[in-house]
Amino acid sequence: MTLSANAVEALKDHWAVSAIGADDLARAETLINEHLARRAVGRQIAFSFSSNESDDAFLERVALAFEMAAIEGLDELSRPSGENALLRDQATAASFRAFDIRRLLPIPTETHDRLFFVLELSAVSYCGDRWSDLRRWYRENAEALRAPSVAESSWDRRLLYRLFHCWVRLFRKNGWDDLDRIREIIAGLREDQTKFEEARLQNGSHAADRAIALRLAALYHWAKGTELVAHYMLQGQPANPFGLIDKHFEGAIGAATASGDAQHEIILRWLHATARIMVTNSLWWATRTVNSRTTDFVRSLTHREHQAMFELLPPQRAALLEQGLLDQAKTAIVVDMPTSGGKTLLAQFRILQALNQFDADSGWIAYVAPTRALSAQITRRLRKDFEPIGVRVEQLTAAVEIDAFEEEILAGSDQPFHVLVATPEKLSFVIRNKKVEDRPLALVVMDEAHNLETEGRGLRIELLLATVKRDCSQANFLLLMPYVEESESVARWLAQDISAGQAISLGTTPWKPNERIIGFYSAAPDDSRRGGWRLNFETLTATPRAMPLRGTHRVDGVRPIDVPKSQVLAKGQQKGLGLQTAAIATVMSARGTSVAVANSIRTVWNMAAKSAQCLPDFETIPPDIELVQDFLRTEIGRNFQLVAMLEKGVGVHHAGLSDEVRALMEWLAETGSLRTLCATTTIAQGINFPVSSVFLQTHKYPYGQAMSPREFWNLAGRAGRIDHDSVGVIGLAEGSDRASLIEFVSRSTGALVSRLVSLLDELAAQGQLANLSEVLWQDQWEDFRCYVAHLWAEKKNLDAVLSDSEQLLRQTYGYTSLRNDPSQSAKAQALLDATHDYARKLASMPEGVAELADSTGFSPEGVTRAMIGLGTLETKLTPSDWAPDSLFGDGGKIADLYGVMLKVPQLKRHLEEIGGEGFDRTRISDITRDWVNGKGIDAIAREYFSREKDDEGGTAAITDACRSIYRAIVNNGTWGVSALSRVSGLDFDSLPEVERRRINALPAMIYHGVRTEDAVLMRMNSSPRSAAERLGDLYRETIGESDGRYSVGQARQFLKNLSDRDWQRACPDNAALSGSGYKRVWEVLSGEGGA
Amino acid sequence: MTVAEGETVYNEGSAPCSGVGLAWSENDLNDAMNGPVAAVLFDDEGRADIEGILTGLAETEFEQKGLRRVLSGPDSIEDWRVGEAIAETYLTDHRNCCFPWPDGRDERKSGSSLPGADLVGLHADDQGDCLAFGEVKTSSEAKHPPGAMYGRTGLKQQLEDLRDSASIRDGLFKYLAYRARGAAWIERFKQAGKRYFTNKSDVQLYGFLVRDVDPHKNDVRVRVEKLGKDCPEGTRIELLALYLPEDSIKRIGNAAVATRAGAAS
């Protein structure tokens, strides 16, 4: 059973714990936190806590009290659960607390004491559901794990030392070989028995001989029990290992008791319980009743060379074993789990189950990730994990429309995909246009599903889920989100049947991936040096989500970074919060990667520059960093500022970089190569990798809007790497508004609120509810209008639409919650009325508008504008104008198309962001043309974005160029060209097949910044742009000219088979990146090759 | 039935550390050996299922021949085991003690790693129950004190360890806790535990010498004095020297086995 907060709370009434006294327990709590903080961050932060010599003895006493409570229930942990649940909970909770203390206490130096200390601590951790903390302790205390030499040792000691070594392996589980060695060690002991046993049974006294014989009997049973556990962890065999494990541990305990060997008896009792828990935690046990795909998956996870997995984290185990994650009767499951709780693995199990359930009908899975970066990340993870078991994962680009190559993926007749990774917008497009034919959508996995309530895309996501509910009747749902209370209502909404919804909430268990410290940092004068200043860090007690620690502490020395006092303090007022953030992140980077967050790209670059300036050189630059430097030199420019920053281990992450660069920054942070990563607040949307510390210059987005508490904690939750840091550090620049910052940190995350509801609430608050129809044209209702238009496109009849409207609305979370609450019926009614009004409006629009809205992703109003725009062009477009050569060649019509796009509200907003001097459609079309024709980013930056006050590397110009290309053109130019080709009404069918396909490939060329279809295929498979055209040529040469080559899967296979030398052939002249470097970058970006 | 309290032959020291010399007559010894001491010595209830242990061994895939040979032989009683049984019985009957640890089969001196105590249990005083630990030495040596007082495993060192080392006491306390589950004395244990958590020196220690030589206060005198010095607040120590009839130790073990065998046949 998973440990509950109540069980931990109930401990205070236990006789031993209460004997400690409430005051002393509180003092122990404080000491534990202080001890942990000092141990984790003491080198960087001089904590102001006082300590004294008697603390350890005091903590020993408290630990002993918890151990008493654990011992009372230990037998319950060695049996199947359910006999005495209370006692079992007590044992788990008490072990959980005892571990909190024991891990901080000094390790005995005497060998024998040390072995038993390590074994007992390890066992206590398992009994307290703390194995992830134990693994970290193992990393931090490698010396304590050393097995003593067996030379010259007596036979019983030899056995003990070997068994210690086996259990260290069982606890740490460093891969298959680590566990597999146990078998050999035990076999070796069996061989040694003949050599050593007899001498040990000659003690000159019969009583002594008997005692030793009994001890050996205990050790032999222990060895067998150990072998059984190791075998099960590796192979999952025998199917029910408990009978044998119990038998040998009970035999061992009986013999140890008979020999009067108290120490062996005690450790065996703990290890017996541990063995049972370890088996129950194992992937094999959790999935023993599910299908063969899952078994294959578990086998592949346990056998793989890198990051082999054997057991589940407590929240994962609870979801699988206790909360029905794999219950087929549950059609909608909402998992609320803390950040880093291991949600992806849960999703993977559910995916495999759904694939199996829908095997006969070739069901497919949609995995929805909110951002491009997360889509790419999840694709890499799923491919790596699923490819070995033959589950095919494909990713759709973030562009709204479907291009020719994606059509091929979706049709995928010869090699159908199983899992499709897409953004919400893209999946919406796929579903509305029924792009996957004749195959049922089995499951939608929605990652970061709390985005349902966000202002920007919340409504779109809600309506996507509503559309899936409506259009894909068999679909199951799995929503993954952190920090959401009352998630049952979301599950109920999605389940077609009230009992089929399941909320799995694990946000409230005491288990944590690691501890956290949260505080405010500020600059303070330090007169010990002229113009001196220092950083203070005030730890907070305002939130239960972090360790309560009091006091203001000093960070590092005077002038932690080389910045004059005047830049961080002026007349006692805090200033230069970005610099302060850079300073603390730089200091704290000594313990692992720090993320420094600011709300503007400019500040991010400044922070990064300052951090890089102050950090010492690497002794040797990590090869991963050198690789990324070469990539930047090749893809962007040799003088790009980031190249020099990386030299010091400083990375940046913001919208002014390509997806690839951002993905590589994430990769460097993930592998621990970066010291600091400076990022904009938008990283809160997409950070999916753990770091050591997170510091925020502000908790507000660029336009002053505060992050929601859920977004903040999702970001803060990344502080602390589960395998490395016992404590993650989160800091906010105190600035001048301390009170509101404290209020922000202490705010609760609350239940999820539908964006539809909050929009109606806003209207009601303004007294405008009755006028909903009049404001429905506004941007924030665009997704809703598309939703209604989809119904129209299907029914094409006003009466039918009017009568189905209520049913349509009932599919949404917002309308359902309003209808379920009698006090909200006016809002529900207003929405229904507005839907009817809008349906009537659609009826009056030209024929085909609603269908075009579906097929372009534009709103009906956008379609109308586009039609008018195309109609008023001076020269009408002909089919040949759409050919790539004419569109992107001199005098091509791309400028005209941009002119039309700038009239469509959905495109206009972003395209106008390009801005700059002389902004007009010509400029956008010139940039687009250069981009497609292969011009490098630095050349585009110089030509279109250079400015007087820029640095040598043209950082500002490159930033602007990247923003324009990756945000405006790649997304909206692509979408616009594709949509306008549909709206234009031209008869493409009259064109030859080759021409038609080339036109269909146009959007992809803009998206990927390449000119040929072969290069597009390379880019779709993550090859760097600078090599894509040459790789495309190579591909064509290798595969041949036939049309069969236009397959994304085939292109991926081609890239996989390329040697370093092949890559060398594809390198542009004078590229900094070598052939092997290209290959490695490709492996990282595509997730191939175990990167 | 209780064992005889014995004749007090000397008293040494006062709280926190005191000593007493006691003498048993031949009758006192015979009564004890025929009654409660034998029950403790043979620990009928706590007797291990040796056959069960041996049978299960086959499945460990270790050879069991050697162990079978040693374990299937008859058990013999050594002097020190008799001494411990007498001490346990005496403290139970005359010092309000209870020693649930089945030490009748305790072979710890044969090389166990847990630094422990011969007797681990509870003692009732005017404040209720507290933890009680005892060390027992059996010696016929005509020296006062006997050599068993000194050395690495001597009574002196053992009592000092129990007095000064919280980690040894913690270990014994935990071990008692495993035994306490479901036991009749669980409430007494909890009470002692609560006292222990309030003050980890709140324990009763016993040093017990079983002798079969003429009584002499030098057996305990220096130790009583030394152990009383720097004795932590809350710790009480009593040294008892029980003098059995001369030369009786050698014969009582065998006699006990014989009596037992006779009773069984």
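Mentor: Start with Asn1070(A), which sits in the loop between helix H48 (1060-1066) and helix H49 (1075-1086) of chain A. Helices (H or I, at least four residues) and strands (E, at least two) are DSSP runs, numbered from the N terminus. Residues are numbered from 1 along each chain as its sequence is written, while chains are lettered from A and ligands numbered from 1 in the order in which they are written. Keep in mind that this is a predicted model: local features need pLDDT of at least 70, side-chain atom pairs count only at pLDDT 80 or more, and totals for chains, interfaces and linings use all residues.

Trainee: Is Asn1070(A) buried or exposed?

Mentor: We count C-beta atoms, placed from the backbone: a residue is buried if 20 or more others lie within 10 Å of its own, exposed if 12 or fewer, and partly exposed in between. Asn1070(A) counts as exposed because it has 8 C-beta neighbours inside 10 Å.

Trainee: Which residue of chain B has a positive phi although it is not a glycine?

Mentor: Asp247(B), with a phi of about 60°. Look for Asp247(B) in the loop between strand S7 (236-243) and helix H10 (249-264) of chain B. Asp247(B) has 10 C-beta neighbours inside 10 Å, so it counts as exposed.

Trainee: And where do I find cis peptide bonds?

Mentor: One joins Gln237(A) and Pro238(A), with omega about -10°. Pro238(A) belongs to the loop between helix H10 (206-235) and helix H11 (242-258) of chain A. Another cis bond runs from His144(B) to Pro145(B), with omega near -5°. Here the loop holding Pro145(B) is between strand S5 (128-139) and helix H6 (155-164) of chain B.

Trainee: Which strands run parallel to S6(A)?

Mentor: Two strands pair if DSSP finds at least two bridges between them. Strand S3 (residues 364-368) of chain A is parallel to S6(A), joined by five bridges, and Val368(A) stands opposite Met446(A). Four bridges link S6(A) to strand S7 (residues 476-481) of chain A, also parallel. In S7(A), Met446(A) has Leu479(A) as its bridge partner. From S6(A) the chain passes through helix H20 (residues 458-471) of chain A to S7(A), a right-handed β-α-β crossover. Right-handed means that, with the strands pointing away from the viewer, the path from the first strand over the helix to the second runs clockwise.

Trainee: How many residues does each chain put into the contact?

Mentor: Two residues are in contact if their C-beta atoms, placed from the backbone, lie within 7 Å. Chain B gives 40 residues and chain A gives 49. Helix H3 (50-57), helix H4 (65-72), helix H7 (166-180) and helix H8 (186-198) of chain B each supply at least two residues of the side that touches chain A. H7(B) gives the most, six residues.
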